[in-house]
Amino acid sequence: MNEYYTRACNFYYGTTSKTNIKKKKSIPLNGYNLISFDKIEIIDRKKTKIIDLKDINKLSTKLKNKVKRDLKNIKKKRTFKKLNLSNIPILMGIVNLTPDSFSDGGRYNKKNLAIKHVDKLISSGAKIIDVGGESTRPGANDINPRKEWDRINHLLKILKNKKSFVSLDTRKSLVMKKASKIKIDLINDVSGLTYDPETINFLKKTKKPFVIHHMKGTPKDMQIKPSYHNVLLDIYDFFENKLKYLRKEGIKHNNIILDPGIGFGKNLKHNITLLKKISIFHSLGLPIMLGLSRKRFIKDISVENDTKERIGGTVSSCIQAYLQGVQILRVHDVKEINQAFKVFRELQN
């Protein structure tokens, strides 16, 4: 457990960010000049304080050294195999080939519908296509890995011939192994690599890039009164401990993405806390991904203004994530989210 945590804050954007960087008034976040900061929040499990970057040297030696190590990770430019992290946010388009996913279950199960959907996602600006054959919505049951594979293998074979970065949304090593023989660029395992004990061996052997996802419990029980001592710091510790474990197991590469798992074992308060202070995870030195699209927390906040597609809530939460430097957003409505960011960036500049 960490004694102190460092979160970049007080951000500047667009031309203001570029100007401040040039005048050395702020530091680019992850080497990305369109977002910079000039303060940090130092957090422990009892209190927090915000200080200017110029005041770091006034801290105690122990704390100063910790903050400087964290700042090194916060400032450094992110790289990832086959992904361009210098132009964010990167949109991951969702393709659920399931009968029971929470938002679009059953919509793309027919082969031609799935292919049309993929083409639409790509033409709308998705840089990653995330293919899944098992629902992990709250209350979902496990399914047989062979049944899961049967749902997705045809589409993966078609994607092999398309110029797309393919993410495989699965918890099962059998599905990973079969998919890797066709085409797979990223493993997106919502269990945090804990569901199948063979997953770590697969990742070690293949050196595939992957997502470390946080989920408290399982899809079956994750939303039954989830609790934390401190949701922000507990998840930070989870990531840090998981990374230490993976390094010990022989996975040395840095093609790893962190996903705090909005809605996966979190109530409304947990989700809001994470979104407000998501920039804390930059001090771990890896790209951050969030799945915000059409999530239940949007309904909980909007109440009588809830809609089926929840595009308004998705757009606003995606922009909130971008404003703290989140690099990858997993969404259903790629065209609408892309439109929102094109307008937003133009207004910022």
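This is a predicted model: local features need pLDDT of at least 70, side-chain atom pairs count only at pLDDT 80 or more; totals for chains, interfaces and linings use all residues.

Student: At what angle do H10 and H11 pack?

Tutor: Helices are DSSP runs of H or I, at least four residues long, numbered from the N terminus. Axes are lines fitted to C-alpha atoms over the stretch in contact, and angles run from 0 to 180 degrees between N-to-C directions. Here H10 (residues 311–322) and H11 (residues 334–348) pack at about 50°, with axes 10 Å apart. That makes H10 oblique to H11 (under 35 degrees is roughly parallel, over 145 roughly antiparallel, 65 to 115 roughly perpendicular, the rest oblique).

Student: Which residues make the contact?

Tutor: Contact means heavy atoms within 4.5 Å. From H10 they include Ile 311, Val 315 and Tyr 322; from H11, Ile 337, Phe 341 and Arg 345 are among them. The contact divides into nine nonpolar, one polar and two charged residues (nonpolar: Ala, Val, Leu, Ile, Met, Phe, Trp, Tyr, Cys and Pro; charged: Asp, Glu, Lys and Arg; polar: the others, Gly among them).

Student: How do H4 and H5 pack?

Tutor: Helix H4 (residues 145–159) meets H5 at about 25°, with axes 10 Å apart. The two are therefore roughly parallel to each other.

Student: Which residues touch the most other members of the largest nonpolar core?

Tutor: Nonpolar side chains tend to be buried together in soluble globular proteins. A nonpolar core is a set of buried Ala, Val, Leu, Ile, Met, Phe, Trp, Tyr and Cys residues joined through side-chain atoms within 4.5 Å. Of its 88 residues, Leu 156, Phe 281 and Leu 329 touch the most other members. Helix H7 (residues 231–248) gives the largest share, eight residues. Beyond four places in sequence, the contacts of Phe 281 include Leu 232, Phe 239 and Ile 288.

Student: Is Ser 180 buried or partly exposed?

Tutor: Ser 180 is partly exposed, at 27% relative accessible area (buried is under 20%, exposed over 50%, partly exposed in between; 1.4 Å probe, protein chains only). Ser 180 lies in H5 (residues 173–180).

Technical notes: Residues are numbered from 1 along each chain as its sequence is written. Side-chain values use heavy atoms; hydrogens and water are left out.
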